[in-house]
Amino acid sequence: MLFLVFLFVFVFAFGGSKVKEYTLENGVKLILKETKGKGIVSGVIFFKGGLHGEEKKGETHLLFTMLLKGTEKYPTSSDISYPFEKFGGYLYSSSGDDFSEIGFSTKVEGLKEGLLVIKDILTAPLFKEEDLRREKENQKVAIKSKLERGMSYAQEELRKLTYKGTAYETSPLGREEDLEKITREDLLRRYSDIKKGSNVVVALVGDFNAEEVLPLLEEVFSVIPKGVYEIERKDIFIEKNEVRRVNREGSQATILCAFNAPQKDSEDYYAFKVFNSILGEGMTSKLFRVLREQKGYAYATYSFYPTRYHSPRLFAYIGTSPEKRERALEDLIKVVSDKNFTEEEIRLAKSKIVGDFLLDHQTRLKQAWYLGFFEVMGLGWRADEEYPKRIESVSLEEVKKAVEKYINYHHCVVVEP
């Protein structure tokens, strides 16, 4: 018997497609967007958690790699992939700071078979010891490879500084010493922790009729146990300036700085998205114009403001020659702290954000991803439709006030030869 609580029907802005929201009895949220096209359907299953609550660093990333290595009915990775690939589609998994995901694309006629594969992933992963040994080694290689790149190395060092004492202190890849200790039982425990109904969001976009696919979705996702995975809110703020210097071999100096930023549910969130675009997105950005074109410091420079559950940060990066690193660091901080903006800079920044956002929605998979992302991050899936409007409504005065409020102290890492 299909047991669903119907919550909402909404005519979506992008092309007028309908988005429908349902909640299963176990708490799993379903977000369905009907489209018209050439018979393609894509979906993303989000699991809230990511780095939060890990007992051994890197276990969640390893878990989601292992989920696609074999199940009882589909014992190899090839067996798992085949039902998607035979329709020209694919299946993937990944794990990040705040959530993990399993995503897929296929033809509508392959949806039922694909969802049955996912059901087996949810209920009967094998976690074979030989696969576990191999993937642990692969993950250790990925950690070492990451540390060979200046920007990645700086990110790891800055995490330790600016996120000290929080889940974000290490990257999803974890630490080699922890990976050595991860067992099959650890993966089962971690999967049990985060595989709880109220912790899961399923976003499906494609050329289907929502009422027709609901029974299949209920059959697959009702196997997830009821429950909530609680994430500890641990906000820490930068309260004094600190610069950490790290030596490594190479011919380039890498500078990465973190600054306080608004919470995702703050009224300043959208103003800071505009500020970030002014600061470091593209060749029209202030960092590029000042640090690269005027000062001649940079090989590359940009900024980013990721959405996080807690302890939000704005990051600014520059790669330069070792002899220019001190002046580049000083001027990077000056550019970020500069509160002088023009209406033209605001207009251009908003246009870039909205254009990039809409272009990134061209595939059904990305449409599904954004719907699920906003929902699992606590902003609600309707934020996907509202995002361009909220960006367009940001004023020059709002950006100035936000910068005045948040850009006060910094944490920086300088990676130098």
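Trainee: How do the residues lining the largest pocket divide into nonpolar, polar and charged?
Mentor: In this predicted model, the lining of the largest pocket divides into 12 nonpolar, 4 polar and 7 charged residues (Asp, Glu, Lys and Arg count as charged, Ala, Val, Leu, Ile, Met, Phe, Trp, Tyr, Cys and Pro as nonpolar, the others as polar). Because the model is predicted, local features need pLDDT of at least 70 and side-chain atom pairs 80 or more, while totals for chains, interfaces and linings use all residues. Residues are numbered from 1 along each chain, and side-chain values use heavy atoms, without hydrogens and water.

Trainee: Which of its residues lie nearest the centre?
Mentor: Of the 23 lining residues, Lys273, Tyr305, Pro306, Thr307 and Phe373 lie nearest the centre of the largest pocket, whose volume is about 630 Å³. A pocket here is an open set of points on a 1 Å grid where a 1.4 Å probe fits, with protein on both sides within 12 Å along at least five of seven lines, and lining residues have an atom within 4 Å of a point.

Trainee: And which element gives the most to that lining?
Mentor: Helix H13 (364-376) gives the most, with 4 residues, and helix H9 (269-280), strand S10 (298-304) and helix H12 (343-359) also give two or more each (helices are DSSP runs of at least four residues, strands of at least two).

Trainee: What about the second largest pocket, how much space lies in it?
Mentor: About 270 Å³ lies there, and among its 15 lining residues Leu147, Glu156, Lys160, Gly174 and Arg175 lie nearest the centre. Helix H5 (150-162) supplies the largest share of that lining, 4 residues, and the classes are 4 nonpolar, 3 polar and 8 charged.

Trainee: Changing topic, at what angle do H12 and H14 cross?
Mentor: The axes of H12 and H14 (residues 383-392) cross at roughly 165 degrees and come within 9 Å, which makes H12 roughly antiparallel to H14 (that means over 145 degrees, on a scale from 0 to 180 between N-to-C directions).

Trainee: Which residues meet there?
Mentor: Lys350, Ile353, Val354, Phe357 and Leu358 in H12 meet Asp384, Tyr387, Pro388, Ile391 and Glu392 in H14, with contact meaning heavy atoms within 4.5 Å. By class, this contact has 7 nonpolar, no polar and 3 charged residues.

Trainee: How far apart are the axes of H10 and H11?
Mentor: Helix H10 (residues 286-294) and helix H11 (residues 325-337) have their axes 10 Å apart and pack at about 150 degrees, and are therefore roughly antiparallel. Lys286, Leu287, Val290 and Leu291 in H10 meet Asp331, Leu332 and Val335 in H11.

Note on methods: Grid points are joined across faces, edges and corners, and a volume is the space filled by probe spheres set on the points. Angles under 35 degrees count as roughly parallel, over 145 as roughly antiparallel, 65 to 115 as roughly perpendicular and the rest as oblique.
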